[in-house]
Amino acid sequence: MIASAEVRRAFRSRNLITLGSLALVLALTAGSSIATEFDWPRSVGSFPKAIGWLADNFVPNGRALRNAPNIALKLAETVLVSVMASVIAGTLAFFMAILGSKTTRPHPLVSIAVRLVASLCRNIPVVAWAMIFLLSFGQNILTGLLSLFISTFGFLTRAFMEMVDETAESSVEALRASGAPWLATVTQSVVPSVMPQVASWLLYMVETNIRDATLVGILTGTGIGFLFDLYYKSLNYSSAAFVVLCIIAVVILIEATSNALRRVIL
Amino acid sequence: MNPGKSRISLRKPSASGIALNLTIVVMLGVTVLGFFVIDTKGLKVGQATAKLFSDLVKMFAHPAAKHLSLLESLWGIVITLALAFLTTLIGAVLAIVFGPLAAKNLSRAAVSNALKVIVAFIRAVPTIIWVLIFAIGAGLGSVAAVVGMTFHSFGYLLKAYSESFEEVGGDVVEALRASGANWVQIVVQAVIPSSMGSLVSWTFIRFEINFANAVAMGAAAGAGGIGYDLFMASGFYFNLGEVGFITYLILFVAILLEIGATRLKARQHVQR
């Protein structure tokens with residue numbers, strides 16, 4: 001095959017870019033491994049032990065089953081907190097999104113304020129919120145509820161603003177041109193057209209929040225996270241694995257339900 | 001009233017309308033119920049809220065680090081970023097290997113579905129629990145944290161990558177196959193290069209998520225970094241100014257990462 005000098009040069013520069021990025025990634029990997037004292041062989045070696053642990057403990061024994069009522073109670077509490085945080089945050093985020101979206105904002109300054117608050121809420125990680133609320137609310141279920149609420153609120157406000165901009169722009173413009181007042185435009189056009197997506201987002205947040213609630217629970221001593229941590233630290237591994245099994249069952253159940261609902265709604 | 005003047009029903013009840021209303025009513029109902037049944041252990045909410053606001057003022061109006069220097073806290077950020085980097089990298093390498101097997105246009109339905117089931121299982125277990133399971137063998141630290149965090153990264157990137165591969169289209173794959181290219185050639189020479197842009201975007205978006213995860217694992221699973229510093233400031237020293245200072249640092253990095261991710265997203269038109 002005869003390649004012109006130009007083609008060869010183009011290929012050479014492409015290869016150089018590929019080589020350069022590869023070298024950069026390798027250098028960053030080496031640096032990161034040293035900084036975090038990450039041991040590659042040990043990380044591979046941890047797999048047999050973890051899988052062995054799962055295999056040994058995943059079939060619940062009598063000791064684990066005796067804890068079933070307690071596990072069910074804490075799991076219900078965690079699901080409840082996840083739904084509450086999602087719904088309350090979603091409701092508030094919806095109003096904020098109407099005020100912040102380019103299509104429906106009453107004033108550009110309001111929009112800026114909304115975006116700023118939402119950015120603060122979502123960019124401070126949920127763990128950081130938990131550590132902040134822990135100092136005033138203590139080891140309490142409300143600490144978890146508040147942390148999940150704040151980060152969900154920040155996340156959903158942005159998601160809802162993008163959603164209003166995408167789905168409602170043309171209808172809002174048409175209504176405004178026909179002289180409809182702001183409130184009527186919002187309640188008659190924006191709300192009905194975005195409602196299915198709002199429900200879909202809420203279902204998604206419930207799933208996400210159950211996982212985050214487990215994490216926050218370990219830090220705040222509440223819910224299913226606390227129970228797992230308790231069994232785990234007291235080396236009651238069969239009960240700890242049973243907790244994991246129950247979480248998997250509940251999350252998959254919720255995911256399947258919300259996928260089914262989403263197929264009908266959207 | 002004469003029947004001719006009765007109102008015409010404007011909305012016909014549809015399956016989707018009913019499902020939507022049901023979803024919203026049930027979730028609202030659970031939320032209202034929640035307020036009555038959650039056990040707040042007699043916490044005085046008014047008092048706690050008042051303390052929260054005075055705490056917030058002390059934290060964010062007077063941030064100051066007492067137990068660590070500026071250099072130490074910046075080093076904490078570096079470690080957290082490094083944990084996020086390693087996790088994203090391993091997740092990305094695994095996802096690029098398994099992505100073609102999960103993409104419908106490149107793989108068999110059975111293989112693709114089997115991978116989806118595995119990912120559903122991986123996603124159902126919270127990241128912190130994956131980390132703690134691996135800590136049984138490897139001890140608490142960076143190994144357990146990175147390996148444990150890699151599970152969700154892999155699941156997320158596998159879905160993102162395989163969908164990017166699917167965008168290349170079955171007809172392109174078909175045409176290449178007809179011209180005699182084998183499967184590996186199609187994937188390595190055609191599909192991966194042409195979806196490179198969206199692969200890079202998705203990977204960076206995951207890196208942004210993994211930064212927050214790495215902060216969490218520092219606080220909850222002894223992975224070190226700025227998350228551990230935050231945990232010590234709040235849970236051990238009860239130092240409000242220090243909590244504020246560390247939160248500001250985390251916030252600053254998170255906002256930078258978010259700006260980067262948003263720019264890449266806009267360029268690639270990738271949807272969440």
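Tutor: Let's start with handedness: a crossing is left-handed if the near helix is turned anticlockwise from the far one by less than a right angle, and right-handed if clockwise. Helices themselves are DSSP runs (H or I, at least four residues), strands are runs of E with at least two, and both are numbered from the N terminus. Here, α2(A) passes α6(B) in a right-handed crossing.

Student: Before we go on, what kind of model is this, and how are things numbered?

Tutor: This is a predicted model, where local features need pLDDT of at least 70 and side-chain atom pairs count only at pLDDT 80 or more, while totals for chains, interfaces and linings use all residues. Residues are numbered from 1 along each chain as its sequence is written, and chains are lettered from A and ligands numbered from 1 in the order in which they are written.

Student: Back to that crossing, then. At what angle do α2(A) and α6(B) cross?

Tutor: Two packed helices are described by the angle between their axes and the distance between the axes. The axes are lines fitted to C-alpha atoms, for helices over the stretch in contact, and angles run from 0 to 180 degrees between N-to-C directions. For α2 (residues 40–57) of chain A and α6 (residues 142–167) of chain B, the axes cross at roughly 65 degrees and come within 10 Å.

Student: Which residues make the contact between α2(A) and α6(B)?

Tutor: Contact means that the C-beta atoms of two residues, placed from the backbone, lie within 7 Å. On α2(A) you'll find A:Arg42, A:Ser43 and A:Ser46, facing B:Val143, B:Ala144, B:Val146 and B:Val147 on α6(B). For classes, Ala, Val, Leu, Ile, Met, Phe, Trp, Tyr, Cys and Pro count as nonpolar, Asp, Glu, Lys and Arg as charged, and the others, Gly among them, as polar.

Student: How do α10(A) and α1(B) pack?

Tutor: Helix α10 (residues 237–265) of chain A and helix α1 (residues 15–37) of chain B have axes 8 Å apart, at an angle of about 135 degrees. Angles under 35 degrees count as roughly parallel, over 145 as roughly antiparallel, 65 to 115 as roughly perpendicular and the rest as oblique. So α10(A) and α1(B) are oblique to each other. A:Leu261, A:Val264 and A:Ile265 meet B:Ala15, B:Ser16, B:Ala19, B:Leu20 and B:Thr23, giving 6 nonpolar, 2 polar and no charged residues.

Student: And inside a chain, what about α3(B) and α9(B)?

Tutor: Helices α3 (residues 70–102) and α9 (residues 196–220) of chain B cross at roughly 130 degrees, and their axes come within 8 Å. That makes α3(B) oblique to α9(B), and their crossing is right-handed. The contact includes B:Leu81 and B:Leu83 of α3(B) and B:Phe207 and B:Phe211 of α9(B); by class there are 8 nonpolar, 7 polar and 1 charged residues.

Student: How many residues do the two chains bring into contact?

Tutor: 57 residues of chain A touch 66 residues of chain B. The chain A side has 40 nonpolar, 11 polar and 6 charged residues.

Student: How many helices and strands does chain A have?

Tutor: Chain A has 10 helices and 0 strands. Its radius of gyration (over C-alpha atoms) is 25 Å, well over the 18 Å that the globule rule (2.2 Å times the number of residues to the power 0.38) gives for 266 residues, so chain A is more spread out than a compact globule. Its C-alpha atoms fill a box of roughly 70 × 70 × 40 Å along the principal axes.
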